[in-house]
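Work through the exercises below with the structure in view. Each task is followed by a solution in steps.

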Amino acid sequence: MITQTTPEPTGPTQAAEPQIRPPQQWWALTTRGLSGIVRNGEIIFAMIAPAFLAVCFYVPLRSLMDAYPGMNYAQYLMPIIALQSVGFVASASAMRSSMDGLRGINLRFRVMPMNSLVPVAARGSANAVLLAISLVFATIASLLIGWRPHGGIGGTIGLYAVAFVVGLLVAVIADALGLLAGSPESTSQMLGLPILILGMLSTGFVPESQFPEWIQPFVRNQPVSQFSGAMRAFNDGTATWSVVAPTVYWCLGMAGLAAGLLVWAERRLRA
């Protein structure tokens, strides 16, 4: 008896499943990140932190600092209000990435058909939105205490560019540290204290001459002082390369550190 066999179909028996492209993945994860920011109350903190900084430092120090010849303390204080606001907000990104690690979400992303850069880009986009909100409310708080932009369009763009780039770099570094840290508690300790200490030991709140002589070299050359000085120069219309160059070099160094930490974190996730 001859048995006839039915030939197997040469074409596909069913339609191929649609592939989700990286831009769609990025948008979905960015939306998820923004939802978490709203749900966790981070957006509220981004709004009230600048006002808190303005009240805590401008009100008690205004009469003392305005006594200096040529000093307008509202003009002087604006850069550190913006920098501290974006610094504190950016550090919150470490808590979010650390919590994702504890919940196994980062490992879940590793087994999905997704480029490893997509989650990093999505977290960066969500952080950028939060930083922009923080800068808007830092501007409002500064305007209320008497700050006014005097550097023209170019100077004002330069001022905000410094604050935004610094905040974004801090956010990327914080995000990588959150991936590497063992717990959210250790993450907050790694970031909270350095940001606070560098802010207080800087020329952001008071001039260098108000510090003891032995610590003045550190106060003068540390990054927050350089960022504040560059922002004031942009705001006054007196920015030159010699004034802005240290800020550029510090930002390049922070970018290198952020890249190194992200590579390290990626290798840890693959192990």
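**Exercise 1: Aromatic pairs**

The whole structure holds five aromatic pairs; rings of Phe, Tyr and Trp (its six-membered ring) pair if their centres lie within 6.5 Å, and planes under 30 degrees apart count as stacked, over 60 as edge-to-face and the rest as tilted. This is a predicted model, where local features need pLDDT of at least 70 and side-chain atom pairs count only at pLDDT 80 or more, while totals for chains, interfaces and linings use all residues. Residues are numbered from 1 along each chain as its sequence is written, and side-chain values use heavy atoms, with hydrogens and water left out.

Task: Classify the pair of Phe57 and Phe205, and state which parts the pair ties together.

Solution.
1. The centres are 4.0 Å apart and the planes 25 degrees, so Phe57 and Phe205 are stacked.
2. Phe57 belongs to helix 2 (residues 42–65) and Phe205 to the loop between helix 7 and helix 8 (216–221), so the pair joins parts 148 residues apart in sequence. Helices are DSSP runs (H or I, at least four residues), numbered from the N terminus.
3. Phe57 and Phe205 are both buried, meaning under 20% relative accessible area (1.4 Å probe, protein chains only).

**Exercise 2: A second pair**

Task: Classify the pair of Tyr73 and Tyr76, and locate both residues.

Solution.
1. With ring centres 6.3 Å apart and planes at 20 degrees, Tyr73 and Tyr76 are stacked.
2. Both lie in helix 3 (residues 73–102), three residues apart, or about one turn of the helix.
3. Tyr73 and Tyr76 are each buried.
4. Ring pairs also link Tyr58 with Tyr73 and Tyr76 in a cluster.

Conventions. Helix = DSSP H or I, 4+ residues; strand = E, 2+ residues; numbered from the N terminus. Buried < 20%, exposed > 50% of the residue type's maximum accessible area, 1.4 Å probe, protein only.
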